[in-house]
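Welcome! Please take a look at the sequence and the structure below, and then let us walk through some of the details together.

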Amino acid sequence: MENTEKKIIYSAVQPSGNLTIGNYAGAIRNWVAMQEEYECFYAIANMHAITVRQDPAELRRRTLEMAALYLACGIDPQKCALYVQSQVPQHAELMWVLNCSTYVGEMQRMTQFKDKSQKHADNINMGLMDYPVLMAADILLYQAHCVPVGVDQKQHVEIARDIAIRFNNRYGETFRVPEPVILKTGAKIMSLQEPTKKMSKSDENVNASIFLCDDRDTVIRKFKRAVTDSDNEVRMAEDKAGISNLISIYSSFTGKSVQDTEREFSGKGYGEFKLAVGEAVADKLAPVQAEQKRLLADKKYLGEVLASGAERAFKAARRTLSKVYRKVGFYQGE
Ligand code: TRP
């Protein structure tokens, strides 16, 4: 018998900051791979983004840039729903109901809330505290089985589970309780300047990270300056963090194994290897950047893709919200 019941995946990304090749190797490639097997809902979480101050014009621009980037990386709008969170009103609507099943104390104890309250001490707004409830609404609306996230978001998926279980206990079976799937986001891609530290989009040293928007010369220059050891042997080893990182980047971007890479560069120096890594990464990024640029120049098409994604999400979200309203006793007309 044909199995028509695909598992549902939900994930979202905030339209903030510049993504690095670590994000690409982790989250983005994963989203692309999962669309083949699962029913995927992927959102650009612009509602989460305004929990910290944003420049409105920039937020709008980055929302489109992020959508174009994901499409350029291979997200297929025929296969999954790619949409902008604020275009599906049920997220905010369900959040309100879930707020009434969430305790202030548990929100105050969330790690990210505590961190961000410190970092943005002049702007500890209600949205910042409610962030996990909005995220729970995102996930629960789609009855998601699995939620792929970086390890920093695991606590949020756990609270979404708690809220779902609590609601189900109070009102009867309503939500599927989602499972977090922890992505090794960029786990293998380390800073080029401090190779024992993860490559990060917010590193103050711009030479430490390769951004997806870096041009060819920049990519090659950054790899040339990457910190390595002095024995000049292209070999993966624990005490050779810098060169090991470059080997795994090369292997990840060319599809060649670590062994083959070591063999290819045996007897050759670091200079030659660094150039090869830079070229391999630049070669991979070039078509993505070109496609992103092409999409951004075609706002009509981009708008249509996002509208159809929102339409698909809307239909699924409406089903859940209507069930929720019935359970809590909201009048929904005759
Ligand atoms: N908070 C997530 C992040 O910053 C983004 C996000 C919003 C999300 N809603 C979500 C992730 C729902 C998974 C599921 O990375």
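In this predicted model, a side-chain N or O atom of tyrosine 131 lies 2.6 Å from a nitrogen atom of the ligand.

| Residue | Ligand atom | Distance |
|---|---|---|
| Tyrosine 131 | nitrogen | 2.6 Å |

How much of the ligand's accessible area does the protein cover? On its own the ligand has 370 Å² of accessible area, and the protein covers 89% of it. The residues around the ligand include Tyr10, Ala12, Ala45 and His48, as well as Met135, Ile139, Val147, Val149 and Gln153.

Isoleucine 243 belongs to helix α10, which spans residues 241-254. Is isoleucine 243 buried or exposed? Its relative accessibility is 0%, so isoleucine 243 counts as buried. Leaving aside residues up to four places away in sequence, isoleucine 243 touches Thr228, Asp229, Glu233, Val234, Arg235, Tyr270 and Phe273.

The loop between α9 (216-224) and α10 holds asparagine 232. Its phi is near 60°, which is a positive value in a residue other than glycine. Asparagine 232 counts as partly exposed because its relative accessibility is 43%.

Glutamine 143 also has a positive phi, near 50°, and is likewise a residue other than glycine. Where does glutamine 143 lie? You will find glutamine 143 in the loop between α7 and β4 (146-149). With a relative accessibility of 16%, under the 20% limit, glutamine 143 counts as buried.

Our last stop is helix α4, residues 90-99, whose buried residues are Gln90, His91, Leu94, Met95, Val97 and Leu98. These residues cover an arc of only 165° around the axis, so they sit on the same side of α4. And what covers them? Among the elements that do so are the strands β1 (8-13) and β3 (81-84), together with α7 (126-141), α8 (154-171) and α13 (299-328).

Terms used
Residues are numbered from 1 along each chain as its sequence is written. This is a predicted model: local features need pLDDT of at least 70, side-chain atom pairs count only at pLDDT 80 or more; totals for chains, interfaces and linings use all residues. Side-chain values use heavy atoms; hydrogens and water are left out. Buried means under 20% relative accessible area, exposed over 50%, partly exposed in between (1.4 Å probe, protein chains only). Helices (H or I, at least four residues) and strands (E, at least two) are DSSP runs, numbered from the N terminus. The arc is that of the directions from the helix axis to the C-beta atoms. Contact means heavy atoms within 4.5 Å. A residue is near a molecule or strand if one of its heavy atoms lies within 4 Å of it. A polar contact is a pair of N or O atoms within 3.5 Å; within protein, one must be able to donate a hydrogen and the other to accept it, and residues adjacent in sequence count only if both atoms are side-chain atoms. Accessible areas come from the Shrake-Rupley method with a 1.4 Å probe; for residues, only the protein chains shown count as cover.
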